Amino acid sequence: MAEKQQNVIVGVFVMMGIVVLGVLVMAFGGGRTLFAETYDIRVVFPQGVQGVQEGQTVTLGGKRVGVTRDLQFVDERNLEKGVVVIVSIEGFEIPQASEMVISPNLMGIGKPPIGIVVTDSADPKKIPRDGSGQITGRMIPMLDQLIPQETMSTLKDATHHIGQLAAALRPAAENLARLLEERAMQEVDTHSVTANFDTLIQRFDATLRSVNTVLGNPDNLRNFQEILANTRKISETGVEAMESARALTSDASQVARDVSALIGRLAKATDDLSAVLTRLDQTIALMQQKNGTIGRLMNDDRLYEELLLSARRLTRMLDDMREVLDIAKKGQLRIKAF
């Protein structure tokens, strides 16, 4: 009896394990479409596909919408026409304006992601569910995954512009090549060819050789040394002259300050003289007026007559005193005492 109960318990656990296993298979395997309405669409890849196998997840906007069911050739008699991937859609309505995009893994490890991309969101048409629906697919090149399409367009434009720049610079490069090409200096002297950078270097080299020949002569070298010594003396003399000029400039600055002070004093004296002349002019104007005392004194004719009469009387008095003195010197002057 105990053994029978034990067998029943084991059987129950086995049945429960089978049920759980079935649920897991349905959840993570193809069982999720067991109760969902599915339909097939054909995805044509004219250039073929890589890494796509049966049972791979297909997404739309990051959400699972189906699974790959089969891979076939477009035409088994002409295999170069491409491959068709049969996708089982799990009840979703896929827009007709769509395409399938497959991005191969960069390292070549694992299954590539498969996604459906809507190319025209304004198109309301949907893919028919009778299994006749068909869209196109494409493989994203490995380089497009590393470098975005916008960057590739920018690189193409930059390459095009660089090509145009190179074409524009080609004449300049040709002229530069002609400028740098090897030419004989004798041909330039005979006007056979035009001088360029090479002939210029040749002439410069010849000039340096001539200078070296001249400087290599001991007599010229001594003369050159004497010239340098004289130049040094001239430089020292120039320094002394500059110092003297600096001192003279300082003295000149002092003289300029003294002259400025003198000019200030002269200006002040001029102002004072101007004031005196103004007052003198005012005095003369007052003297010319006949109403004032000084004006009457200067303009009255009687004063002149009185002064003239007084001068005559003074002259006669002086003559009388001179006669008295002459008589006194002769001893003929007698003074009577009262």
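In which strand is the place of Glu 99? Glu 99 sits in strand β5, residues 98-102. The model shown in these close-ups is predicted: local features need pLDDT of at least 70, side-chain atom pairs count only at pLDDT 80 or more, and totals for chains, interfaces and linings use all residues. Residues are numbered from 1 along each chain as its sequence is written, and side-chain values use heavy atoms, with hydrogens and water left out.

View 1. Glu 99 counts as buried because its relative accessibility is 16% (buried is under 20% relative accessible area, exposed over 50%, partly exposed in between, with a 1.4 Å probe and protein chains only). Its side chain makes a polar contact with that of Arg 138 at 3.1 Å (a pair of N or O atoms within 3.5 Å, where within protein one must be able to donate a hydrogen and the other to accept it, and residues adjacent in sequence count only if both atoms are side-chain atoms). Leaving aside residues up to four places away in sequence, Glu 99 also touches others, including Ile 135 and Thr 136 (contact means heavy atoms within 4.5 Å).

**View 2. Strand β1 and its partners β4 and β7.** Here, 5 of the 7 residues of β1 (39-45) are buried (strands are DSSP runs of E, at least two residues, numbered from the N terminus). β1 runs antiparallel to β4 (83-89), with 7 bridges, and parallel to β7 (133-139), with 4 bridges (pairing needs at least two DSSP bridges). Arg 42 stands opposite Ile 86 in β4, while Val 43 stands opposite Ile 135 in β7.
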